[in-house]
Each structure stands twice: as structure tokens, then as C-alpha cells.
Amino acid sequence: MERNNVATMSAGALQTLMETYGEDVWNYAFFLSHSSSAADDIAQETFIRAYKYMHAFRGEASVKTWLLRITRNRWYTYRSSSFMKRVTLQAAPDSTRTAQSAENAYMDESLSSEVWQLVLRLPRKYREILMLHAHYEMTMEELAHTLNISLSAAKSRLHRARQKANEYWEKELNGND
């Protein structure tokens, strides 16, 4: 099967891309999926897509931002696949759970901060924007592009996420230990 639109990326360039951004892509996929096997699949699909569509990369965002957006889109596809729906049981969040989740364990190990424990209790859209902004150091424009929302929506969501995190922090400090 021959293609007219062949990616201009060489195998060596793909290797470099994977070495440079592989950990960030995998960590973000894990953050979204809560599963190391799903993160493996999503990261692999992300780099396949990047290789396949490198010719379409317009440079409107950094390569890292572009890859994280592909990761997020791959996660949406993975999550909505019929395989995922048949195989994965979706449990309701249980606030009384005592076992540490994989997401919490990862954040403990890689970020070692009580603040991230608080962030993990936020609703997903707030957790995600705080993670992308603080951990991946994305600009507002990059956040908007990655999350596929307007710049004003990104600013507003980040502001609300910070407010919500502050509310949680105040509750922690006032005796919810």
C-alpha cells in the first residue's frame, strides 16, 4: 500500500521524538487512563499517529503540546472503543476507599507533594488543566490547544481549578486530617 502523503520523518527522527517526549506522553496517558497497559497502548498509538501525520504538523504549538493533544485524542478513542466498554468495569468513585490508587501512587513518587494529593481529588477537568499547566509547564495558548477549548475558557477553567484547590486546601488546614 503506497501513499502519496508520506511522512517526512525518518526512523531516526521518530526514535529521537520518542526518547525526548516518550515519558511525558506515557505519563499523561497514564494520568488519563489510570492503567499502565492502556498508557502503553495509547503512547504507542500517539507516536504512530505522529509519524503518520508529521507532514500535517503546522507548528502552531510546540511538538510536546502537539503530542499531548494526540495523546488526549487517542485516550478518547480508546475510552469509547467497544473493547474498552466490554472489558472495563466502571466503578463509581468511592471517597471512603483506603487503598492508594495507581494515580495517587504515581503522583506520590514523581511529584512527592501533598498539594498533588489534593489536586487528585478535584474533578477531572480541573485536575487535567492543573497537571498540564504545572507539571508540563504549558502556556495558556498551549492549554487551550491541547484541551481543544478557547483561550478564555482555558483561563477560566484554570482559575476555577485553582479556586477549587484552594477550597480543598482550606478544608485540610481547618481540621479534616
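This is a short chat about a predicted model of one protein chain.

Trainee: How many helices and strands does the protein chain have?

Mentor: The secondary structure comes to nine helices and zero strands. Read from the N terminus, the elements run α-α-α-α-α-α-α-α-α.

Trainee: And what share of the residues is buried?

Mentor: Buried residues make up 37% of the 177 residues in the protein chain.

Trainee: Now Glu128. Where does Glu128 lie?

Mentor: Glu128 is in helix α7, which covers residues 124–135.

Trainee: Is Glu128 buried or exposed?

Mentor: Glu128 counts as buried because its relative accessibility is 4%, and the cut-off for buried is under 20%.

Trainee: Which residues is Glu128 in contact with, leaving aside neighbours within four places in sequence?

Mentor: Glu128 is in contact with Tyr28, Phe31, Leu32, Arg72 and Leu147.

Trainee: Switching to Val63. Which helix is that in?

Mentor: Val63 is in helix α3, residues 63–80.

Trainee: Why does Val63 count as partly exposed?

Mentor: Its relative accessible area is 22%.

Trainee: What does Val63 touch, not counting residues up to four places away?

Mentor: Val63 touches Leu17, Tyr21 and Phe57.

Trainee: How far apart are Val63 and Leu17?

Mentor: In sequence, Val63 and Leu17 are 46 residues apart. In space they are 8.9 Å apart, C-alpha to C-alpha.

Trainee: For the whole chain, what share of contacts with a separation of 6 or more joins residues 24 or more positions apart?

Mentor: Such residues account for 66% of those contacts.

Key
Residues are numbered from 1 along each chain as its sequence is written. This is a predicted model: local features need pLDDT of at least 70, side-chain atom pairs count only at pLDDT 80 or more; totals for chains, interfaces and linings use all residues. Side-chain values use heavy atoms; hydrogens and water are left out. Helices (H or I, at least four residues) and strands (E, at least two) are DSSP runs, numbered from the N terminus. Buried means under 20% relative accessible area, exposed over 50%, partly exposed in between (1.4 Å probe, protein chains only). Contact means heavy atoms within 4.5 Å.
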